[in-house]
Amino acid sequence: MKRVPMFGTSSIRPLKINYSRMKEEIIIAGFGGQGVLSMGKILAYSGLMQGKEVSWMPSYGPEQRGGTANVTVILSDEKISSPILQEYDTAIILNQPSLDKFEPRIKKGGTLLYDGHGFVREPQRTDINIYRIDALETSIALNMAKTFNMFILGGLLKIRPIVEIDNVLLGLKKSLPERHHHLLAQNETALRKGMEILIPIHVL
Amino acid sequence: MEEVKLMKGNEAIAEAAIRCGCDGYFGYPITPQSEVLETLMALEPWNKTGMVVLQAESETASINMVYGGAACGKRVMTSSSSPGISLMQEGLSYIAGAELPCVVVNVTRGGPGLGTIQPSQSDYFQTVKGGGHGDYKLITLAPASVQEMSDHLCLAFDLAFKYRNPVMVLSDGLIGQMMEKVQLPDYQPRLTNEEIREKYPWATLGKNGRAKQNIITSLELVSEEMEKVNNRLQQKYREVEANEVRYETFLCDDADYLLVAFGSSARICQKSVELLREEGIKVGLFRPITLYPYPVAQIHEYAKQVKGMLSVEMNAGQMVEDVRLAVNGLVPVEFYGRYGGMIPTPEEIVKAVKEKLII
């Protein structure tokens, strides 16, 4: 096990995925308004476009009404049984309370991707892959704050290429209402930019 | 056939309603089923099929609007979640007593009282053991996926008209809020008044040249006559029990132990079965699809070949009583449940199987 120093993202390789019988169980968690649910939706639609079985299970309770929001997304080659999970292959974490809640629930050898903004406690696990992405900072600097969640999704796809970019773009088109279709290009830019700003913190 | 789409269970209910020739939806918003009414309003089916969509002033009003529509032989429905369904119980008893077809969808949340907006299965007793007053039964379907939300809604209308009886689609917040793949049914035209008169001669659509008017009522003050009404209802229920039992099994044939679960619990249990099988423990899953009529005979048959059963529910133990009646003492029947809006995890169920069944 080794702490990996920060280096350019061009050398970041995708983590190993068993493509023959693929199943990816993902939790996306953060504050309401960060685009957590819609990111999950785009991911689910992308899976649909790629011919996968998909499920998207949101938190719709009090946490959504002014607090943390989360969504469980499963992409699989086989029929999905439980849409509710105790452990996840991959966690995308966008705030401190979500890190506290979900860091212990990532499978050994799994992946944690988090936005670097506003954490008082960094991730502690040494038996998982940890990547940081400064999506908030970058999206604001580029005046693209509204596509914040697409930077994150781009980062995810760099390390977990579970769906092809073309299918993500198709999924994006499906999940966005038509009146927002003029923003598709900006979303694609954010997606590709997100792939470039990933920082490996701890890689197994 | 329609293309495969991704949508919430609640949205699938709305889409399927329009497609299976529904004449009218009357409802009142409540979490976690508000998307049914919202989706219907957004789809504006009155422009496409002429279907009426109306937000009533309350759940009590909704079910009575359904009563009125059903009396005219129309395919009408409502949906709500647990507290709202409680308000509809009087109307449901009247509709069952008047022998009218209608569909009611319950996207269950945790009770009692206003309770929580999170998923629960604590309305099992209310649905299959009465709810309203009198000796009546609701044919009850328990979907376990978004696809089944769509499929069961259309099936519910067919059963409702086949038996002139209200049908409940008993889902919960999990299935209602979850997005999955779904293939919607093709559009089926609504019946015209002439077609309704021909198919359903009991419908109150005007005398239209007949000598005597149709009367729809649940009132019969002469006891001898009321007993006959009840006899007719009971005869109908026996027919439903003989013909309409539906269930699904998962790895039951070689199983030493059986999980019994319906709706979303069954989804979670399927994962538990997979986990237990990985450990070499032979467990199967029996999923009743109709909760009334209950698959009594089928569960009894499995009781002859397994060592024990565990009923897994998102309540404090309701369906387990029906499992025990079906098993009739042949093997131990245990219970595991979470309630108040909590959802059991597959791992918890694995633990419960080991602690309660395999000693």
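Strands are DSSP runs of type E, at least two residues long, numbered from the N terminus. In the predicted model described here, strand 14 of chain B spans residues 333–337 and contains B:Tyr336. The relative accessible area of B:Tyr336 is 17%, and the residue is therefore classed as buried, the limit for that class being under 20%. Beyond its neighbours within four places in sequence, B:Tyr336 is in contact with B:Leu310, B:Ser311, B:Val312 and B:Glu313, and also with B:Pro344, B:Glu348, B:Ile349, B:Ala352 and B:Lys356. For B:Ser311, the C-alpha to C-alpha distance to B:Tyr336 is 6.3 Å, at a sequence separation of 25 residues.

Chain B is assigned two domains, domain 1 covering residues 4–183 and domain 2 covering residues 248–357. The centres of these two domains of chain B, taken over C-alpha atoms, lie 26 Å apart. Contact between them involves 29 residues of domain 1 of chain B and 25 residues of domain 2 of chain B. The area buried between the two domains of chain B amounts to about 2,200 Å², with carbon and sulfur atoms contributing 57%. On the side of domain 1 of chain B, the residues that lose the most area to domain 2 of chain B are B:Gln121, B:Tyr124 and B:Phe125, which together account for 32% of what that side buries.

Polar and charged interactions also link the two domains of chain B. Three salt bridges are counted between domain 1 and domain 2 of chain B. A salt bridge joins the side chains of B:Glu148 and B:Arg287, with an N to O distance of 2.7 Å. Across the interface of these domains of chain B, 18 residue pairs are in polar contact, both residues having pLDDT 80 or more. The side of domain 1 of chain B that touches domain 2 of chain B draws at least two residues from each of helix 7 (124–128), strand 6 (139–141), helix 8 (146–163), strand 7 (166–172) and helix 9 (173–177) of chain B. By class, this side of domain 1 of chain B comprises 14 nonpolar, nine polar and six charged residues.

Chain A has 204 residues, of which 58% are buried. Its secondary structure consists of six helices and eight strands, and the elements of chain A follow the order β-β-α-β-β-β-α-β-β-α-α-α-α-β from the N terminus. Among the contacts in chain A with a separation of 6 or more, 64% are between residues 24 or more positions apart.

The contact between the chains takes 27 residues from chain A and 26 residues from chain B. Chain A and chain B bury about 2,100 Å² between them, and carbon and sulfur atoms supply 62% of this area. A:Trp56, A:Tyr60 and A:Ser81 provide 30% of the area that chain A buries against chain B, more than any other three residues. Three salt bridges are counted between chain A and chain B. B:Lys271 and A:Glu25 form a salt bridge in which the closest N and O atoms are 3.1 Å apart. Eight residue pairs are in polar contact between chain A and chain B, both residues having pLDDT 80 or more. Strand 2 (23–31), helix 1 (36–49) and strand 3 (53–58) of chain A each contribute at least two residues to the side of chain A that touches chain B. Strand 3 of chain A gives the most to this side, with six residues. The side of chain A that touches chain B divides into 13 nonpolar, six polar and eight charged residues.

Conventions:
Residues are numbered from 1 along each chain as its sequence is written. Chains are lettered from A and ligands numbered from 1 in the order in which they are written. This is a predicted model: local features need pLDDT of at least 70, side-chain atom pairs count only at pLDDT 80 or more; totals for chains, interfaces and linings use all residues. Side-chain values use heavy atoms; hydrogens and water are left out. Domain bounds come from an automatic or database domain assignment. Contact means heavy atoms within 4.5 Å. Buried area is the accessible area (1.4 Å probe) that two parts lose on being put together, summed over both. A salt bridge is a side-chain nitrogen of Lys or Arg within 4 Å of a carboxyl oxygen of Asp or Glu. A polar contact is a pair of N or O atoms within 3.5 Å; within protein, one must be able to donate a hydrogen and the other to accept it, and residues adjacent in sequence count only if both atoms are side-chain atoms. Helices (H or I, at least four residues) and strands (E, at least two) are DSSP runs, numbered from the N terminus. Ala, Val, Leu, Ile, Met, Phe, Trp, Tyr, Cys and Pro count as nonpolar, Asp, Glu, Lys and Arg as charged, and the others, Gly among them, as polar. Buried means under 20% relative accessible area, exposed over 50%, partly exposed in between (1.4 Å probe, protein chains only).
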